Number of protein chains: 2
Amino acid sequence: MLAMRLYNSMVSGNCYKVRLVCAQLGLDLELHELDVVDRSNRPEVIGALNPALRVPTLVLDDGRPLAESNAIIDFLADGTPLLPDDPYDRARVLAWQFFEQYEIEPNLAVVRFYAIFGLTAPPGLVEARTSAGVRALQALERGLDDRRFLIADRYSVADVSLYAYVHVAGEGGFDLTGFPNVEAWLARVAEQPGHIPITQA
Amino acid sequence: MLAMRLYNSMVSGNCYKVRLVCAQLGLDLELHELDVVDRSNRPEVIGALNPALRVPTLVLDDGRPLAESNAIIDFLADGTPLLPDDPYDRARVLAWQFFEQYEIEPNLAVVRFYAIFGLTAPPGLVEARTSAGVRALQALERGLDDRRFLIADRYSVADVSLYAYVHVAGEGGFDLTGFPNVEAWLARVAEQPGHIPITQA
């Protein structure tokens, strides 16, 4: 049987979501690393697989491609304990994942991107994204009130999706000490069976 | 039976997705309009329902809340012809919806927001979001090559999600004449049974 092929970046939290879920589900991945700064080869390498030209892009063992980190992990986790069966719980998983792509990733990941590559951002961008990122973290902090995990008191792909960029927020200069619910939740996610760090291929 | 309550904005494409799907599925909505410029009452009105304080926020007829436009319409459409049953097709619906929230909405909707309210954007923001929006439209144009609809040659919630802000892109100054696949697809979406315009409550 062919392994699934993941077009990957080791620094991308979005790609980490896929590696983490596969590690926890015991699924093999063949990694194909793409540059996240020089993207000039993307049309040639993944143009036929993902019109948005982004990583992660997954190719299933039957050759069919799938794009978007959260769509990928939900597909892989369907029927496992990582994705609830109840329709309302599934809708709430998605709600957190859409929140993540709209309010967390564009702020925390973008600020981190400029920081870890030492690149100069357009004027005002880091300040604006930092403020918006803090507001997003405040929403996550409220969402975790009295909760051990985001959905149904149980670890799920919703936690994976939010963990990916929140646990490395410090690399973009965010200080999580004012977010006690978030900090305790990050520790619980990292204790789950099969957990791997973002640095692990 | 109680109707579902939608915390709504008539100018929001995200809220329009919910109104459109409910119109096409014959579901009643009680609309509760919120201001999208002055958001000061949001914590009081929807704070207990949606930690992100955004519209749309839906309250189901049993009182349970649900946030995020795409999560809401997928929940409502599950088991209907608007959401495929096949797991891979469902994953591709989600992939397009995550693309929409990451690449279409933050660009097309934000530029349109400043335009229709006559507000002054931070320096450079409209230019940056316009460029990124054009790249997103190019990805959508490629994704619609040889396709009548986004998924499985059949109208689905993926089309609803992308239609919401793309069909009003001109209000933000985007010119769709260079995107023939997109223009033809917009016309097909608007011809679907039960279609309502964004201006219809």
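Guide: Let's start with a β-α-β unit in chain A. E1(A), helix H1 (residues 13–25) of chain A and E2(A) build this unit, and its hand is right-handed. Keep in mind that this is a predicted model.

Visitor: Noted. How do E1(A) and E2(A) run, and how many bridges join them?

Guide: E1(A) and E2(A) run parallel, and 5 bridges join them. For one pair to look at, take Leu6(A): in E2(A), Leu31(A) stands opposite.

Visitor: What about E1(A) and E3(A), parallel or antiparallel?

Guide: Antiparallel. Strand E1 (residues 4–8) of chain A pairs with strand E3 (residues 57–59) of chain A over 3 bridges. Here Tyr7(A) stands opposite Thr57(A) of E3(A).

Visitor: Which order do the strands of that sheet take?

Guide: The order in chain A is E2-E1-E3-E4. The sheet is open, has 4 strands, and its pairing is mixed. Strand E2 (29–33) and E4 of chain A are the edge strands, each pairing on one side only.

Visitor: How many degrees are neighbouring strands turned against each other?

Guide: On average 20 degrees, with direction ignored.

Visitor: Switch to helices. At what angle do H4(A) and H5(A) pack?

Guide: About 135 degrees, and their axes are 8 Å apart. H4(A) and H5(A) are therefore oblique to each other. The cut-off for roughly antiparallel is over 145 degrees.

Visitor: Is H4(A) passing H5(A) in a left-handed or a right-handed crossing?

Guide: Left-handed.

Visitor: Which residues meet there?

Guide: H4(A) brings Glu103(A), Ile104(A), Asn107(A), Leu108(A), Val110(A), Val111(A) and Tyr114(A). On the H5(A) side they meet Val126(A), Arg129(A), Thr130(A), Ala132(A), Gly133(A), Ala136(A) and Ala139(A). Sorted by class, this contact of H4(A) with H5(A) has 9 nonpolar, 3 polar and 2 charged residues.

Visitor: Now chain B. Which elements make the β-α-β unit there?

Guide: E1(B), helix H1 (residues 13–25) of chain B and E2(B), in a right-handed unit. Its strands, E1 (residues 4–8) and E2 (residues 29–33) of chain B, run parallel and are joined by 5 bridges.

Visitor: What is the bridge partner of Met4(B) in E2(B)?

Guide: Leu29(B). Tyr7(B) has His32(B) as its bridge partner in E2(B). In E3(B), the partner of Tyr7(B) is Thr57(B).

Visitor: How do E1(B) and E3(B) pair?

Guide: In the antiparallel sense, over 3 bridges; E3 of chain B covers residues 57–59.

Visitor: And the whole sheet in chain B, what is its strand order?

Guide: E2-E1-E3-E4, an open sheet of 4 strands with mixed pairing. Its edge strands are E2 and strand E4 (65–67) of chain B, and each pairs on one side only. Neighbouring strands in this sheet are turned by 20 degrees against each other on average, direction ignored.

Visitor: Helices again. How far apart are the axes of H4 and H5 in chain B?

Guide: 8 Å, at an angle of about 135 degrees; helix H4 of chain B spans residues 87–117 and helix H5 of chain B spans residues 125–143. That makes H4(B) oblique to H5(B). The crossing of H4(B) past H5(B) is left-handed.

Visitor: Which residues of H4(B) and H5(B) make that contact?

Guide: Among them are Glu103(B), Asn107(B) and Tyr114(B) of H4(B), and Arg129(B), Gly133(B) and Ala139(B) of H5(B). By class, the contact has 9 nonpolar, 3 polar and 2 charged residues.

Visitor: Last topic, the two chains together. How many residues does each put into the contact?

Guide: Chain A gives 29 residues and chain B gives 29 residues.

Visitor: On the chain A side, which elements supply at least two residues?

Guide: Strand E4 (65–67), helix H3 (69–77), helix H4 (87–117) and helix H5 (125–143) of chain A. The largest share of that side comes from H4(A), with 11 residues.

Visitor: How do the residues of that side divide by class?

Guide: On the side of chain A that touches chain B, 19 are nonpolar, 4 polar and 6 charged.

Terms used
Residues are numbered from 1 along each chain as its sequence is written. Chains are lettered from A and ligands numbered from 1 in the order in which they are written. This is a predicted model: local features need pLDDT of at least 70, side-chain atom pairs count only at pLDDT 80 or more; totals for chains, interfaces and linings use all residues. Axes are lines fitted to C-alpha atoms, for helices over the stretch in contact, and angles run from 0 to 180 degrees between N-to-C directions. Angles under 35 degrees count as roughly parallel, over 145 as roughly antiparallel, 65 to 115 as roughly perpendicular and the rest as oblique. A crossing is left-handed if the near helix is turned anticlockwise from the far one by less than a right angle, and right-handed if clockwise. Two residues are in contact if their C-beta atoms, placed from the backbone, lie within 7 Å. Ala, Val, Leu, Ile, Met, Phe, Trp, Tyr, Cys and Pro count as nonpolar, Asp, Glu, Lys and Arg as charged, and the others, Gly among them, as polar. Two strands pair if DSSP finds at least two bridges between them. A crossover is right-handed if, with the strands pointing away from the viewer, the path from the first strand over the helix to the second runs clockwise.
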